[in-house]
Amino acid sequence: MAGWEIPIGAAIAFGLGALGTGWAQSRIGAAGAGTLAERPDAAGTIFIMEAIPETLAILGFVVAAMIIIMIK
Amino acid sequence: MLQKMRRIQVIGPKRSFHEVVDTLYRTGTVHLEDVSQCISPEEISLKKVELEGLGDVPGILVKINGIFFTLPRTADEQGLQARFEQELSASPHTRVIERARQVIADLEWTTKSLALRKSDHEMAITALNRYEKVIRRIQHIEPELPALTGYEVNILIIQKEFMDVLQFIQAELAEITGNRFEFMYTGVDEESLAAIAVFNKRYSEQVHAFVFATNVNEVRLPEDFYGHSFQEMLEMIEERRTAASKEIAEINRELEELSHRWYWELSVLRRYIEDINEEMNTFGKFGESKYAFVIQGWVPQKAFRETARTLKETFGGRVAIETLPVTPEDLANAPTFYDNPRFVRPFEFFMKLMRPPRYFEVDPSPFMALFFPIFFGVMVGDVGYGLIIMAISAAVRARAKAQWLRDLASILLLSSVPTIVFGFLFGEFFGDLGEHMHLFHPVTVFGVTWNRMEAVIPMLALALVIGLFHVFLGLGVGLYNAWTVRSKKHMIEKIATAGVIVGLIVCLGCAARFMPDYAMWAGIALLLVSVPLVFYGGGVFGAIELISAVGNIMSYARLMAIGMASVVLAIVANEFAGALGIAAVGIVAAVLLHMMNLGMGMFSPSIHALRLHMVEFFSKFYQGGGQLYRPFKKLEKES
């Protein structure tokens with residue numbers, strides 16, 4: 001199999017991961033900005049919360065890379 | 001790392017109290033504790049020390065600040081600040097307070113009335129501007145209005161989305177005035193309408209009461225505007241605005257004159273009174289009996305000898321300083337004092353994003369100083385980018401005045417070294433430009449040629465191995481922290497979590513045929529022993545931590561992913577140079593793309609390296625919640 005399925009599969013793997021991360025970060029970021037306005041000392045915690053969903057996009061990228069490299 | 005602290009108690013005769021406080025203040029090493037919180041009344045009956053004869057210092061400070069912020073800043077051409085500084089430094093507190101009271105008596109009324117007048121004029125100009133805006137908008141409907149004397153023109157501003165209210169207002173006006181009124185409206189801007197009501201003055205009170213009750217924004221023109229045409233009103237507005245502006249200019253001139261005489265004296269005076277106020281608050285932490293005083297606090301180990309020597313040299317045997325025994329409860333309240341080598345200190349900047357570590361915890365900043373540059377280097381990994389980052393950060397570090405900027409520049413400067421080293425390993429100089437120019441080639445180590453575009457799987461494996469090591473290190477530090485406070489359950493949780501991870505790796509290794517089959521049994525046995533121990537040590541949260549620890553290791557894949565994205569962009573930039581027909585345009589496009597990649601390369605890997613520490617690494621051991629060491633000494637001078 002070496003047709004259009006591979007890039008499409010890779011795109012879905014990465015795209016959905018990135019979309020999921022974007023959606024989660026937008027929710028956390030909005031709540032975090034509100035929190036920071038009242039409690040600036042919570043910056044560290046907000047940073048951590050905001051960073052947590054990023055892994056999803058990274059793993060999506062890894063899976064996409066694997067699909068492209070490993071499926072010939 | 002955190003400096004070891006000693007809990008000290010200073011006891012002496014009451015007559016030496018002020019001298020001892022002055023000496024400790026100058027030494028600037030003691031982080032004070034509130035004696036009344038530390039010594040119970042059953043132990044010794046102590047009362048809080050109060051500064052006498054100074055009166056309402058916070059009140060004086062508020063008044064001095066009020067006067068100071070009214071005056072505009074002036075240049076200190078005659079060295080007034082230094083002169084007043086010298087004068088006040090030689091004065092006792094009572095003299096400083098007396099001087100402040102005198103200044104308040106001389107200036108408070110004058111500055112207050114000038115500020116009030118200025119504010120009135122400014123408000124008048126704001127109102128006039130508003131009248132002008134509305135009048136200019138409605139001027140075109142003037143011919144339609146009846147020119148009647150004894151009538152009042154009332155302007156209402158209404159949001160367009162609430163324009164239905166106009167009908168209601170019209171009906172109510174008809175009822176109030178017996179249908180003897182004129183009402184029309186026009187747009188003011190995109191969002192609001194101006195409605196004009198003309199009615200006999202004898203209904204004025206009822207109409208205003210109704211408008212007030214309906215909560216409609218009313219532009220109430222000054223009474224002497226009534227009976228004039230809109231054009232005349234505009235002329236009157238201009239006239240009044242000019243007069244108000246002149247008044248403001250005159251007030252500003254008077255304030256500037258006052259400022260020339262008083263600004264720097266007030267600046268120095270308020271700083272001294274802030275110090276006295278701080279001192280008064282601090283005095284509440286000291287305790288005294290009929291004949292003696294007690295001061296208690298924390299001193300860094302390395303400053304203890306110097307503090308004790310100074311007290312002994314100054315007071316001989318009259319004042320005693322002793323180290324108190326410390327209980328685990330006391331340790332929880334001990335201040336945190338970062339005492340790191342020079343190259344680690346910039347990384348304390350990142351620690352400010354979190355609550356400081358508790359005294360008995362391991363300070364994570366040395367680990368950050370070691371791993372942050374390595375992670376940054378693995379991600380950027382380019383000799384050319386590394387050299388540019390080094391040059392930019394060195395220049396910023398040399399010129400920046402703000403400490404936080406100097407810290408960030410130092411961090412980037414340190415990170416540029418591994419960036420260059422990994423650049424050599426990956427054979428990257430502005431992407432594949434170095435390879436095209438036959439300057440650099442990917443190095444072959446452990447049988448792998450570390451070309452990031454081709455060696456994707458080895459890069460991923462390298463990233464995960466780094467992650468595994470980092471997470472295990474975090475668990476190790478967590479184990480040490482748990483041992484420090486003798487928390488057996490936490491120690492078991494950390495060891496068991498490591499056991500589960502090792503068990504999983506062994507099982508996966510066997511499944512992937514990297515390990516012999518019999519190792520699978522060892523892996524399963526390790527899992528069977530470790531998983532219940534995780535529950536025993538950490539409960540349900542321990543199990544959640546365990547799952548997240550596995551996810552955390554996977555998260556280090558970003559070291560490969562971010563790096564790969566960076567190198568792809570660099571290669572695209574190089575392709576541009578050749579792909580565009582005109583060489584100069586191609587080179588410009590390539591340079592711009594490289595600049596963008598470099599900008600992203602300085603920002604994105606920093607954020608990701610920081611995240612790997614704060615989320616993946618710290619979660620294995622860091623608690624935080626400590627209080628920073630704040631020695632009793634003079635506050636930093638304001639510029």
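Biologist: In this predicted model, is B:E313 buried or exposed?

Modeller: The model is predicted, so the answer rests on a computed accessible area. A residue counts as exposed when its relative accessible area is over 50%. For B:E313 the relative accessibility is 58%, and the residue therefore counts as exposed.

Biologist: Are B:E616 and B:R611 buried or exposed?

Modeller: These two residues form a salt bridge, in which the closest N and O atoms are 2.7 Å apart. A residue counts as buried when its relative accessible area is under 20%. Both B:E616 and B:R611 are buried.

Biologist: Which residues are linked with B:R611 and B:E616 in a network of salt bridges?

Modeller: The count of salt bridges over all chains comes to 21. One of them joins B:E616 to B:R611. The network that holds this pair also takes in a residue of chain A and a further residue of chain B, namely A:E54 and B:R558.

Biologist: Why do the buried residues of helix α4 of chain B line one face of the helix?

Modeller: Helix α4 spans residues 80-89, and its buried residues are B:L80, B:Q81, B:F84, B:E85 and B:L88. Seen down the axis of α4(B), these residues fall within a limited arc, so they line one face of the helix. The value of that arc is 130°.

Biologist: Against which helices do the buried residues of α4(B) pack?

Modeller: Two residues, B:A82 and B:Q86, are exposed on the other side of α4(B). The buried residues, by contrast, pack against two helices of chain B. These helices are α5 (93-138) and α8 (230-283).

Biologist: What distance separates the C-alpha atoms of B:A82 and B:W264?

Modeller: B:A82 is found in helix α4 of chain B, and it counts as exposed because its relative accessibility is 54%. Along the chain, B:A82 and B:W264 are 182 residues apart. Their C-alpha atoms are separated by 9.1 Å.

Biologist: With which side chains does the side chain of B:N340 make a polar contact?

Modeller: B:N340 is placed in the loop between β11 (335-336) and α11 (348-351) of chain B. At 5% relative accessibility, this residue counts as buried. Leaving aside neighbours within four places in sequence, the residues in contact with B:N340 include B:M1, B:R345, B:D363 and B:P366. The polar contacts of its side chain are with the side chains of B:E348 (2.8 Å) and B:S365 (3.2 Å).

Biologist: What is the area of the nonpolar surface patch that includes A:I12?

Modeller: A:I12 lies in helix α1 (residues 5-38) of chain A. With a relative accessible area of 49%, A:I12 is partly exposed. The patch is made by this residue together with A:W4, A:I8, A:L16 and A:L19, and its area is about 590 Å².

Biologist: What value does phi take in B:F430?

Modeller: Most residues other than glycine have a negative phi. B:F430 belongs to the loop between α14 (403-426) and α15 (433-436) of chain B, and it counts as buried at 18% relative accessibility. Although B:F430 is not a glycine, its phi is positive, at about 50°.

Biologist: What is the value of phi in B:R513?

Modeller: B:R513 is located in the loop between α17 (488-511) and α18 (518-555) of chain B. At 67% relative accessibility, B:R513 counts as exposed. Its phi is positive in a residue other than glycine, and the value is near 65°.

Methods:
Residues are numbered from 1 along each chain as its sequence is written. Chains are lettered from A and ligands numbered from 1 in the order in which they are written. This is a predicted model: local features need pLDDT of at least 70, side-chain atom pairs count only at pLDDT 80 or more; totals for chains, interfaces and linings use all residues. Side-chain values use heavy atoms; hydrogens and water are left out. Buried means under 20% relative accessible area, exposed over 50%, partly exposed in between (1.4 Å probe, protein chains only). Helices (H or I, at least four residues) and strands (E, at least two) are DSSP runs, numbered from the N terminus. The arc is that of the directions from the helix axis to the C-beta atoms. Contact means heavy atoms within 4.5 Å. A salt bridge is a side-chain nitrogen of Lys or Arg within 4 Å of a carboxyl oxygen of Asp or Glu. A polar contact is a pair of N or O atoms within 3.5 Å; within protein, one must be able to donate a hydrogen and the other to accept it, and residues adjacent in sequence count only if both atoms are side-chain atoms. Patches are made of residues with over 30% relative accessible area and no salt bridge: like charges are joined within 9 Å, nonpolar side chains (Val, Leu, Ile, Met, Phe, Trp, Tyr) within 5 Å. Accessible areas come from the Shrake-Rupley method with a 1.4 Å probe; for residues, only the protein chains shown count as cover.
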